[in-house]
Each structure stands twice: as structure tokens, then as C-alpha cells.
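Hello,

Here is the structure I promised to hand over. Please open it first, then read my notes below.

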Amino acid sequence: MDEAAAAMRALLDGREVTSAPGAHYAFDGLRHAPRPLQPRLPIMIGGSGEKQTLRSVARYADLWNAMGPVDVLRNKN
């Protein structure tokens with residue numbers, strides 16, 4: 001998911017994406033056209049896995065969607 005979120009953030013920000021060798025996706029000069037009308041189209045990532053998901057949320061997401069008890073979410077936030 002981290003690789004996909006990075007590619008989506010770059011595409012929505014108007015950048016071209018080329019993936020590194022060994023990546024999960026094979027992009028070679030991928031572009032998104034037309035660009036979104038908004039200056040920055042937000043990305044929402046849902047999940048609460050502390051090892052991978054929350055790291056992707058911190059790097060690429062504008063919004064985080066999670067469920068759970070308040071004390072657990074307070075700790076993850």
C-alpha cells in the first residue's frame with residue numbers, strides 16, 4: 001500500500017511516476033491527465049496497523065479513517 005499511496009500522491013500533485021526495479025508496480029513515465037481542479041486533492045487512508053498503515057498515513061494521507069475504542073485511537077494518533 002505504501003508504494004501505491006506514494007504513486008497516487010505524486011500523480012495527483014502533477015508529477016510523473018516511474019517505479020524502481022523490483023517494485024510491486026511497473027510504472028514508466030505514468031502521468032494523470034487532466035490534473036484535478038483542486039490545488040491538492042486529498043488522499044484518505046483507512047486502517048490502524050501500527051507497523052505499516054500508520055506510517056503510510058503519516059507520509060502520504062491528508063485524512064485518516066480508523067475505528068476502535070477512544071483510548072486505543074488516542075494512543076495511535
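This is a predicted model: local features need pLDDT of at least 70, side-chain atom pairs count only at pLDDT 80 or more; totals for chains, interfaces and linings use all residues.

**Start at Tyr-60**

Tyr-60 is one of the buried residues of helix 2, which covers residues 53-60. Tyr-60 also belongs to the largest nonpolar core.

**Helix 2**

Which residues of helix 2 are buried? They are Thr-53, Leu-54, Ser-56, Val-57 and Tyr-60. Seen down the axis of helix 2, these buried residues fall within an arc of 160 degrees, so they line one face of the helix. An α-helix has 3.6 residues a turn, so residues three or four places apart point the same way. The face turned away from the buried side carries exposed residues: Arg-55, Ala-58 and Arg-59.

What do the buried residues of helix 2 pack against? Their partners are helix 1, strand 1, strand 2 (63-65) and helix 3 (70-76).

Take Thr-53 as an example from helix 2. Its relative accessible area is 18%, and buried means under 20%, so Thr-53 counts as buried. Not counting residues up to four places away in sequence, Thr-53 touches Met-1, Ile-45, Gly-46, Gly-47 and Ser-48.

**Helix 1 against helix 2**

Now turn to the pairing of the two helices. Helix 1 and helix 2 pack at an angle of about 10 degrees, and their axes are 10 Å apart. That makes helix 1 roughly parallel to helix 2. On the helix 1 side, the contact uses Asp-2, Ala-5, Ala-6 and Arg-9. On the helix 2 side, it uses Ser-56, Arg-59 and Tyr-60. By type, the residues of this contact divide into three nonpolar, one polar and three charged.

**Inside helix 1**

The buried residues here are Ala-5, Ala-7, Arg-9, Ala-10, Leu-11 and Leu-12. Strand 1 and helix 2 are included in what covers them.

Arg-9 deserves a look of its own. Is Arg-9 buried or exposed? At 6% relative accessibility, Arg-9 counts as buried. Arg-9 touches Arg-15, Arg-40, Leu-41, Ile-43, Tyr-60 and Asp-62, again not counting residues up to four places away in sequence.

Met-8 is also in helix 1. Met-8 is partly exposed, with a relative accessible area of 41%. Met-8 and Tyr-60 are 52 residues apart in sequence. In space, their C-alpha atoms are 8.8 Å apart.

**The nonpolar core**

Which residues form the largest nonpolar core? It has seven: Ala-5, Leu-12, Ile-43, Ile-45, Val-57, Tyr-60 and Ala-61. Helix 1 and helix 2 each supply at least two residues of this core.

**Two backbone details**

Gly-14 follows helix 1. Its phi is positive, near 90 degrees.

Where is the cis peptide bond between Ala-33 and Pro-34? Pro-34 is found in the loop between helix 1 (2-12) and strand 1 (44-46). The omega of that cis bond is about 0 degrees.

**To recap**

Helix 1 and helix 2 are roughly parallel. The buried residues of helix 2 line one face, and Arg-55, Ala-58 and Arg-59 are exposed on the face turned away.

Best wishes

Terms used. Residues are numbered from 1 along each chain as its sequence is written. Side-chain values use heavy atoms; hydrogens and water are left out. Helices (H or I, at least four residues) and strands (E, at least two) are DSSP runs, numbered from the N terminus. Buried means under 20% relative accessible area, exposed over 50%, partly exposed in between (1.4 Å probe, protein chains only). The arc is that of the directions from the helix axis to the C-beta atoms. Contact means heavy atoms within 4.5 Å. Axes are lines fitted to C-alpha atoms, for helices over the stretch in contact, and angles run from 0 to 180 degrees between N-to-C directions. Angles under 35 degrees count as roughly parallel, over 145 as roughly antiparallel, 65 to 115 as roughly perpendicular and the rest as oblique. Ala, Val, Leu, Ile, Met, Phe, Trp, Tyr, Cys and Pro count as nonpolar, Asp, Glu, Lys and Arg as charged, and the others, Gly among them, as polar. A nonpolar core is a set of buried Ala, Val, Leu, Ile, Met, Phe, Trp, Tyr and Cys residues joined through side-chain atoms within 4.5 Å.
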